[in-house]
Amino acid sequence: MKKLIVVLAVLMAVALFAGCTMNSPAASDQSSSSEQAVSSASAGSTTEASDADASTGSGKQIKAAYTTMTLGSPYFVAVADGIKAEGEKLGWEVTIDDPQMDVAKQVASLETFIQQEYDVIFLSAVDTASCESLVKEAVSKGIVVVTEATIVDGASADDGRHPERRGYG
């Protein structure tokens, strides 16, 4: 089951992050959605979307979280919207966290996600060094951690945009 979650999380991340760099006719719809997400985000807020009937087949619903740098950036709003939409399609309970570029808020959110035993954490780290020990802790507890826009040592996977980390740069 854990391998399935890892594969789904990585595939979802790759598809989302590739999509964030493409221009499409739906861009105007996405910016409207992004504006709504930014206007509805309050200081340090989290929002949830879930499908009560969805599960992994084992009776356990997947809980996923995305802690971004800030929802004040259209890029991160698009990523958050994509994670939320794709997670909902998979029947996951998805939490979006906006620490507003505050390292302490992001660290507190990561601690909460670990304590509440989330299955997947998507992370755009405000400060990679501050998140490293928590990422390693999460992974050691079986939580899949996928980093986006930044790389944090110890993560299960990253968005693949950093070829220098793989010896290609």
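How many residues does helix 4 have, and how far does helix 4 reach from its first C-alpha to its last? The views below take up this helix in a predicted model.

**View 1. Helix 4 from end to end.** Helix 4 runs over residues 103–115, which gives it 13 residues. From first C-alpha to last, helix 4 reaches 18 Å, close to the 18 Å expected at 1.5 Å a residue.

**View 2. The two ends of helix 4.** Look at the start of the helix for Asp-102, where a side-chain oxygen comes to within 2.9 Å of the backbone nitrogen of Ala-104. Just after the helix, Glu-117 adopts a positive phi of about 55°.

**View 3. The buried and exposed sides of helix 4.** Gln-106, Val-107, Ser-109, Leu-110, Phe-113 and Ile-114 are buried. Down the helix axis, the buried residues fall within an arc of 160°, so they line one face of helix 4. Turned away from that buried side is a face with the exposed residues Ala-104 and Gln-115.

**View 4. What the buried residues pack against.** The neighbours here are strand 2 (63–67), strand 3 (93–97), strand 4 (120–123) and helix 5 (128–140), against which the buried residues of helix 4 pack.

**View 5. Helix 4 beside helix 5.** The axes of helix 4 and helix 5 come within 10 Å and cross at roughly 5°. Helix 4 is therefore roughly parallel to helix 5. On the helix 4 side of this meeting, you will find Val-103, Gln-106, Val-107, Leu-110, Glu-111 and Ile-114. Helix 5 meets them with Ser-130, Cys-131, Leu-134, Glu-137 and Ala-138.

How values were computed:
Residues are numbered from 1 along each chain as its sequence is written. This is a predicted model: local features need pLDDT of at least 70, side-chain atom pairs count only at pLDDT 80 or more; totals for chains, interfaces and linings use all residues. Side-chain values use heavy atoms; hydrogens and water are left out. Helices (H or I, at least four residues) and strands (E, at least two) are DSSP runs, numbered from the N terminus. The expected span of a helix is 1.5 Å times one less than its number of residues. Buried means under 20% relative accessible area, exposed over 50%, partly exposed in between (1.4 Å probe, protein chains only). The arc is that of the directions from the helix axis to the C-beta atoms. Contact means heavy atoms within 4.5 Å. A polar contact is a pair of N or O atoms within 3.5 Å; within protein, one must be able to donate a hydrogen and the other to accept it, and residues adjacent in sequence count only if both atoms are side-chain atoms. Axes are lines fitted to C-alpha atoms, for helices over the stretch in contact, and angles run from 0 to 180 degrees between N-to-C directions. Angles under 35 degrees count as roughly parallel, over 145 as roughly antiparallel, 65 to 115 as roughly perpendicular and the rest as oblique.
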